[in-house]
Amino acid sequence: MTENINHFDIIIIGSGPAGFTAAIYAVRGGAGVALFGGVAPGGQLLYAAEIENFPGFPEPVAGAELMERMLKQAKSLGVRVFQEDALKADLKTAPFTILAGGNKKYTAGAVIIATGARARWLGLPSEQKYTGKGVSGCATCDGFFYRGKEVCVIGGGDTAAEDALFLAGFASKVYLVHRRDKLRACVRLQEKLNSNPKIEIIYDHAPVEIVGGEKVTGIILKNVKTGAARRLDLPGVFVAIGHAPETKLFGDQLKLDDGGYIIADERRQTSLKGVFAAGDVMDPHYKQAVVAAGSGCVAALEALKYLEEIKK
Ligand code: NAP
């Protein structure tokens, strides 16, 4: 297949496990492949301190290391990895056009969208006010600043559990605040939480207000069953309440479901022929690295098939 300086058979947008797996399969299938992966390729897993459910790693592996390996693998197989964001995409007509850094234009016969998801926020005005001043959405980025201090993590899923465990390595105490009486996190993580003496789980509480002066000094919680208010005095609030699909570049061009996920069939074909989607951007259910990787594989195989078909 063909590749010139600005045209590729397949352009992949996104550099998580879905994007890199798609790139690896597409390039091995003989396509000229470009991947736009942002300034720091790797996606959400860059912020995962330890991964112990990606096959092939008997010891836990840091997310950043896993992604570095995927990046190296893709590059060594011949994928052109652009460490810049795709800024605009015109997916209405083939060849599809992607505008990237410096308004440079790239075209492709097929596009695979693997832009993943971005962290969700609580939506409290005080949360916005204190972002970067005690409120964080990234435990692995900011945990270090809370050595010997008390912090809380909001959320009850795997991310919140992993963040709490990671923060317990620095902080003197970690409150995990969950709005229900049962965690959503997997059993293994729950066991780890329960056996960590630095972690206290506060069930049935929702955050109402983050308080402070220049910086955060505490958080007000409400017991969702009794309505009673409770205040925790601490300088760090970590928000880990899930993720929303990252579709801002394409939302007006592709069909999305009610949750904002790209609608793609089992072949990862979206509502536009030749445009495929893989990983968390189209997966409202599983959101696992290994599922995203498999999804990227399917998208690449289908994109290769599509390119063969349109050549006939
Ligand atoms: P998640 O599973 O959707 O959990 C989000 C949590 O935040 C839930 O407990 C939810 O409460 C709570 N929440 C949502 N909105 C809230 C609000 N406004 N106020 C207070 N709490 C709120 O998200 P996640 O933990 O980021 O995980 C996403 C996916 O990635 C999951 O499929 C997970 O398995 C996967 N993941 C896997 C790993 C791993 O395998 N190592 C690590 C991280 C993530 P409710 O429970 O009441 O809904």
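**Helix packing and cysteines**

Analyst: In this predicted model, P17, F20, I24, V27 and R28 of α1 meet M67, M70, L71, Q73, A74 and L77 of α2. By class, this contact of α1 with α2 has nine nonpolar residues, one polar and one charged.

User: Why are α1 and α2 called roughly parallel?

Analyst: Helix α1 (residues 17-28) and helix α2 (residues 63-77) pack at an angle of about 20°, their axes being 9 Å apart. Angles under 35 degrees count as roughly parallel, and α1 and α2 therefore receive that description. Their crossing is left-handed.

User: What makes the link of C138 and C141 a disulfide?

Analyst: The S to S distance between C138 and C141 is 2.0 Å, and the cut-off for a disulfide is within 2.5 Å; the pair therefore qualifies. The structure holds one disulfide. With 70° about the S-S bond, the link of C138 and C141 is right-handed.

User: Why is C138 called buried, and why does C141 count as partly exposed?

Analyst: Buried means under 20% relative accessible area, and exposed over 50%. C138 has 13% and is therefore buried, whereas C141, at 38%, falls in between and so counts as partly exposed.

How values were computed: Residues are numbered from 1 along each chain as its sequence is written. This is a predicted model: local features need pLDDT of at least 70, side-chain atom pairs count only at pLDDT 80 or more; totals for chains, interfaces and linings use all residues. Side-chain values use heavy atoms; hydrogens and water are left out. Axes are lines fitted to C-alpha atoms, for helices over the stretch in contact, and angles run from 0 to 180 degrees between N-to-C directions. Helices (H or I, at least four residues) and strands (E, at least two) are DSSP runs, numbered from the N terminus. Angles under 35 degrees count as roughly parallel, over 145 as roughly antiparallel, 65 to 115 as roughly perpendicular and the rest as oblique. A crossing is left-handed if the near helix is turned anticlockwise from the far one by less than a right angle, and right-handed if clockwise. Contact means heavy atoms within 4.5 Å. Ala, Val, Leu, Ile, Met, Phe, Trp, Tyr, Cys and Pro count as nonpolar, Asp, Glu, Lys and Arg as charged, and the others, Gly among them, as polar. Buried means under 20% relative accessible area, exposed over 50%, partly exposed in between (1.4 Å probe, protein chains only).
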